[in-house]
Amino acid sequence: MSALFPLNPTMWQEWTKDEACLITSSESVSSIEPLYERGVHEYLSVPLWSEYLNFIQERDESVSQCTPEGVEKMRALFERALTAAGLHVVDGGKLWAAYREFEQALLIAMEENSKDSYINFEESSGDPARVQILYERAITEFPVANDLWLSYTQYLDSNLKVPSIIKSVYAIAVRNCPWVEALWAKYMLALERFDASEEELSAVFERSLHCGFPNPNEYLDLFLVRADGLRRQIMKMDEISKSSYLAQLRETFQRAAEYLSSHLNYTDQFLHLHAYWARLEYQLGGDLEAARGVWESLIKTCGGMLEVWQGYINMELSAGNISEARAIYKKCYSRRFKGSGSEEICESWLRFEREYGSLDDLDRAITKVTPRLKELRLFQQQQETKSHEIVGPSPIGQKDDITKSVTKEKATYQASSKLSNSLQASNKRKTGVGFNDRKDQFKRKKGAHGKGLSSVTPNKGGELGLSNNDGKDRDTVSRELVHGEAYQQTEVANLNSVEQPVYTDQCTAFLSNLSFEVTDEQLRQFFSDTGGVMAIRLLRDRFSGKPRGLAYIDFQNEEKLSAAVEKNRQTLLGKKVSIARSNPKQSKREQPGRGRIAGGRGGRALSGRGSDTRTDERRGSSAQSAPTAVSNQQKGHVKLTGSNTFAMPRNVARTARPLGWGVKDNRSNDAEETPKSNEEFRKFLLKS
């Protein structure tokens with residue numbers, strides 16, 4: 001009928017509605033669209049355009065699902081409607097309102113998934129100007145969102161590529177988020193991409209180093225970006241003009257090594273930095289000696305890393321210096337490396353001699369490597385044996401016995417500790433005298449089984465000794481103490497049941513100012529270049545168990561110990577370690593009567609570690625002028641000597657020297673032993 005008679009806009013609306021009621025699938029939508037196109041083509045009708053837009057939004061699946069193709073199609077249709085009837089005075093506002101509602105609905109749908117979905121959607125449409133506007137709107141709302149700045153700059157670098165815009169955006173980005181290292185690195189790359197001057201690049205690099213990044217790896221990345229840029233500049237230049245850039249490149253690597261040595265020591269990142277530096281010195285500068293100097297400096301600080309020696313050897317092999325590589329193998333094959341590194345370097349040397357050396361070189365290498373491999377295998381077997389002894393499985397039937405023995409040992413140790421504390425507390429009452437000197441010197445045993453405390457006298461060495469009339473040893477007296485006074489109901493083992501290792505400190509180094517986080521393995525790595533580490537003892541607080549920042553390290557011989565002492569004031573875990581030779585002779589100087597049973601560091605039983613050396617020195621000087629008070633008991637006769645005779649029992653007063661007795665006194669024993677009468681005492685008191 002439309003071919004014979006013209007249809008008005010109302011008739012076109014009724015026709016399209018009837019056809020829309022008949023469609024059953026989304027494929028039939030394409031058959032209705034031509035009807036709307038014919039109607040809007042013949043008449044300028046806002047209602048017809050509105051129905052056309054509503055039909056596409058409701059029936060087209062690509063538009064309802066907000067796919068990029070559907071959104072693009074809907075926007076093109078809205079643009080056509082606005083061009084045709086947007087300026088209609090009466091009904092044109094309806095088209096603008098519908099377009100605005102569509103964009104708002106699209107924005108809400110995008111925000112439900114992610115805050116960046118709208119921007120990502122616009123990026124997929126391929127309109128850089130529109131995407132840039134969206135990013136500018138976003139950073140206005142969120143100026144310190146670092147992920148937003150990173151996405152914005154990434155989009156500009158890959159799509160817009162306008163130097164003036166990109167430089168200004170990066171300048172604003174590093175001002176808003178100066179703590180983001182990636183922005184500074186991308187800023188320097190963008191400046192290099194647009195051929196910025198060396199002064200501008202250097203200024204940005206210096207600014208980035210003062211931003212206070214929390215991770216040292218971020219500083220390492222900045223140094224590497226700067227070094228990469230200088231390398232690319234040098235490759236474009238001739239031999240005459242690249243000397244200044246080589247100096248800048250060398251200075252950049254030196255600054256990086258000095259700044260990061262205390263943070264990235266013994267790490268793969270630090271190794272990569274020096275390997276890159278040595279390679280550029282050899283390839284760009286043509287200076288092999290400078291490259292060797294880089295590796296030698298790294299060996300001084302990280303000589304315990306196997307990868308350091310392997311990188312040095314690979315550089316010499318790439319340069320064709322076979323003899324230099326062999327010399328490096330001779331220097332490092334006897335070092336101890338982490339894990340199986342020691343065996344690996346020995347096998348690598350043999351493989352090197354088979355591939356590059358002569359038969360004599362191979363024989364010499366075998367002669368040197370074979371004893372070393374035997375030593376390493378023996379050490380590994382010893383470690384495995386110790387580990388099996390510590391964690392080895394115990395039979396099921398012995399579990400109860402082991403539990404009982406552990407409980408008994410714990411009780412024994414507690415009883416010994418209480419006894420030690422009681423002896424130390426009583427020993428503090430009077431320095432230099434036995435702890436029972438204030439009591440009766442003639443206290444006897446109460447029974448035949450030793451229920452009582454025998455006399456306790458200082459021994460000749462000035463240490464506290466336990467003895468009785470019958471010459472019993474210290475263990476017997478300890479049992480008497482425990483049975484007679486402390487634990488009368490329980491049988492407890494003697495004091496020697498809990499023994500502690502004895503350290504002679506003959507080849508021992510004392511370390512202080514250690515980090516509280518240091519471990520045995522890190523200390524072994526620290527002394528791996530010297531070698532010869534036999535044992536490591538980290539000191540901890542007796543009560544809290546926290547580390548004290550002190551350690552003793554035993555070495556194999558004096559040569560290894562001297563090499564270890566030379567590492568004094570070197571940095572480990574950010575702290576300069578103080579290393580000194582341990583002097584065991586000073587710790588053996590003991591103060592008389594201070595509760596020491598076993599001398600030296602490892603032999604303490606009733607007292608803490610070490611004695612008050614300063615007190616020993618002060619009392620040692622006075623010992624020459626005044627004899628030490630000693631109590632000797634022989635055959636029932638007690639003889640007290642010294643100046644402390646005021647507490648002397650009456651029954652031994654006749655045999656003891658009075659106070660003030662001196663060598664120069666000429667008083668006779670008879671005069672001393674004659675007692676004064678009451679009359680003589682009365683006259684003496686009247687005179688005073």
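Where does Asp195 lie? Asp195 sits in the loop between helix H11 (181-193) and helix H12 (198-208); helices here are DSSP runs of H or I with at least four residues, strands are runs of E with at least two, and both are numbered from the N terminus. The model is predicted, so local features need pLDDT of at least 70 and side-chain atom pairs count only at pLDDT 80 or more, while totals for chains, interfaces and linings use all residues. Residues are numbered from 1 along each chain as its sequence is written, and side-chain values use heavy atoms, with hydrogens and water left out.

Asp195 has a phi near 55°, a positive value in a residue other than glycine. Asp195 is also exposed, at 65% relative accessible area (exposed means over 50%, buried under 20% and partly exposed in between, with a 1.4 Å probe and protein chains only). Tyr266 is another non-glycine residue with a positive phi, of about 60°. Tyr266 belongs to the loop between helix H14 (243-260) and helix H15 (268-283), and with a relative accessible area of 23% Tyr266 is partly exposed.

Next comes a helix pair. Two packed helices are described by the angle between their axes and the distance between the axes. The axes of helix H18 (residues 322-332) and helix H19 (residues 341-356) come within 10 Å and cross at roughly 155°; axes are lines fitted to C-alpha atoms, for helices over the stretch in contact, and angles run from 0 to 180 degrees between N-to-C directions. H18 and H19 are therefore roughly antiparallel to each other (over 145 degrees counts as roughly antiparallel, under 35 as roughly parallel, 65 to 115 as roughly perpendicular and the rest as oblique). On the H18 side, the contact involves Ile322, Ala325, Arg326, Tyr329, Lys330 and Cys332, where contact means heavy atoms within 4.5 Å. H19 brings in Ile345, Ser348, Trp349, Phe352, Glu353 and Tyr356.

Cys332 counts as buried, at 0% relative accessibility. The closest cysteine sulfur to that of Cys332 is in Cys346, 8.4 Å away and too far for a bond. Searching the whole structure turns up zero disulfides, a disulfide being a pair of cysteine sulfur atoms within 2.5 Å. Cys507 counts as buried too, at 18% relative accessibility.

Then there is the sheet. Four strands make an open sheet in the order S4-S5-S3-S8, with antiparallel pairing; two strands pair if DSSP finds at least two bridges between them. At the edges are strand S4 (533-540) and strand S8 (578-581), each of which pairs on one side only. Neighbouring strands of this sheet are turned by 20° against each other on average, direction ignored.

Strand S4 is joined to S5 by six bridges, with Arg537 standing opposite Tyr552 in S5. S4 and S5 form a hairpin with six residues between them, and Gly545 in the turn has a positive phi of about 80°. Four bridges link S3 to S5, and here Leu511 stands opposite Ala551 in S5. Strand S3 (residues 508-512) also has four bridges to S8, where Phe510 stands opposite Ala580.

Seven of the nine residues of S5 are buried, so S5 is largely enclosed by the rest of the structure. Helix H24 (residues 558-565) lies across S3, strand S5 (547-555) and S8, running at about 150° to S8.
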